[in-house]
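I opened the model to go through a few local features one by one. Notes follow in the order in which I looked things up.

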Amino acid sequence: MNEQQAEQQTVAWDEDGTTRTARWRSESGARPPKRVRTADDRMTADAAYKLACEGTALLWRGDFHGARQLLSALARRVDRKPAKPGATPAESFHLHRQALSRRARVLGMLLVPLESGDGAYTVPLRRAPEVHGACEAAYGPPDAGPSVLALRELLGLVGAFEWQRKGVPVPALDGERVHPAYGVFSPVRGEYVDLVAGAPLPPGVGTAFDIGTGTGVLAAVLARRGVRRVVATDQDPRALDCARANLERLGVRGTVDVVPADLFPDAAEGRAGLVVCNPPWVPAKPTSPLEHAVYDPGSGMLRGFLGGLAERLTEDGEGWLILSDLAEHLGLRTREELLGWIGAAGLEVAGREDIRPRHPRAADAGDPLHAARAAETTSLWRLRRAAGD
């Protein structure tokens with residue numbers, strides 16, 4: 001579904017004897033619900049849960065805090081199903097993904113109105129928070145007319161805007177902050193940044209490519225390490241704008257060129273002494289556009305990077321592949337497959353730097369994927385052109 005089609009989608013409902021319509025907004029790519037009815041603080045959580053499971057969305061007309069309480073009550077009900085005992089890691093992963101999909105579908109049935117008149121986004125409900133900055137960051141300048149979105153998504157917009165406004169401190173940049181835009185992967189898992197900051201640079205590297213730059217954090221680290229020129233690529237317009245803003249803020253914009261590209265920059269850029277890529281780590285299908293930074297169907301980006309790397313490296317250059325082995329612990333990809341792709345691409349492993357994850361989920365015994373997360377290692381694979389190629 002492209003952006004133009006998404007803009008044309010509407011929802012309809014009956015209220016006060018009149019059929020009303022409004023624009024449907026969903027950055028997650030969810031389709032508009034076919035059945036919508038109004039609800040307020042008189043609706044019980046059990047009744048709301050039954051309607052949501054049956055596919056009827058609830059457009060909230062009561063107190064905003066009442067809507068948040070109802071969303072929490074729905075979440076408790078949808079999360080009741082226990083994990084399947086004796087499941088393999090791969091089965092646990094797929095069951096977990098199915099549960100998350102169902103959770104998103106049910107919780108996405110609680111809707112709130114959004115007005116965009118008078119040059120500002122507002123939620124016309126009692127005790128509603130100020131949402132203009134968050135909505136403008138995600139949707140752009142307000143246009144006239146009412147719209148409707150899931151409360152869960154609105155809360156996500158507000159939370160993401162706080163990350164964007166405050167920024168994420170990056171130890172590898174001396175604690176300076178990177179500001180992730182909405183929909184751009186945030187460097188909250190800093191171990192992969194630490195790997196790029198600490199690995200020995202190839203001798204005499206003058207130009208580096210940062211493939212799939214996102215916030216631009218790795219390009220900034222390379223520039224701070226003294227690489228004279230970095231070409232950072234991404235195919236997401238939001239990521240490109242986000243990277244440019246962060247690099248300007250960090251004072252390295254003159255060293256880094258940010259260009260739109262699917263993987264490698266234009267062939268006119270030639271070869272580089274260092275090519276860095278941090279692809280999505282899990283070979284599975286994203287269920288929304290926002291998951292593309294985490295899930296890589298069929299390892300497509302990973303294999304595309306490996307397949308094109310040799311011809312873009314200088315003779316003594318290195319490709320740095322930053323990759324978690326979580327997929328291996330989940331039974332979704334084997335180490336032998338990865339090494340086979342590396343060899344088939346005319347590459348060899350020059351070395352590997354490993355680091356253990358520090359994020360809280362690695363220590364959360366209640367996580368359905370705890371065993372795999374607890375064993376996870378993130379690696380920087382130093383690749384070079386195979387001898388004779």
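I started at the end of α6 and found that Gly167 follows this helix with a positive phi, near 85°. Helices here are DSSP runs of H or I of at least four residues, strands are runs of E of at least two, and both are numbered from the N terminus. The model is predicted, so I kept in mind that local features need pLDDT of at least 70 and side-chain atom pairs pLDDT 80 or more, while totals for chains, interfaces and linings use all residues. Residues are numbered from 1 along each chain as its sequence is written, and side-chain values use heavy atoms, without hydrogens and water.

I then checked the length of α6 (residues 151–166).

Next I listed the buried residues of α6, where buried means under 20% relative accessible area with a 1.4 Å probe, protein chains only. They are Leu151, Glu153, Leu154, Leu157 and Ala160. Their cover includes α3, β5, α5 (132–139) and β6.

Back at Gly167, I looked at what its backbone nitrogen meets: a polar atom of the His179 side chain lies 3.5 Å away. The His179 side chain also reaches the backbone oxygen of Gln164, at 2.8 Å. I count a polar contact as N or O atoms within 3.5 Å, one able to donate a hydrogen and the other to accept it; residues adjacent in sequence count only if both atoms are side-chain atoms.

Where does His179 lie? I placed His179 in the loop between β8 (177–178) and α7 (191–198). His179 is buried, at a relative accessible area of 13%. Beyond neighbours within four places in sequence, its contacts (heavy atoms within 4.5 Å) include Arg165, Cys242, Asn246 and Arg249.

I turned to the sheet. It is open, has six strands in the order β1-β2-β6-β5-β4-β3, and its pairing is mixed; a pair requires at least two DSSP bridges. β1 (10–15) and β3 (35–39) are the edge strands, each pairing on one side only. Strands β2 (residues 18–24) and β6 (residues 147–150) run parallel and are joined by two bridges. I noted Val148 in β6 as the bridge partner of Trp24.

Last, I looked at α8 (residues 217–224): seven of its eight residues are buried. Gly226 follows α8 with a positive phi, near 105°.

How values were computed:
Buried means under 20% relative accessible area, exposed over 50%, partly exposed in between (1.4 Å probe, protein chains only).
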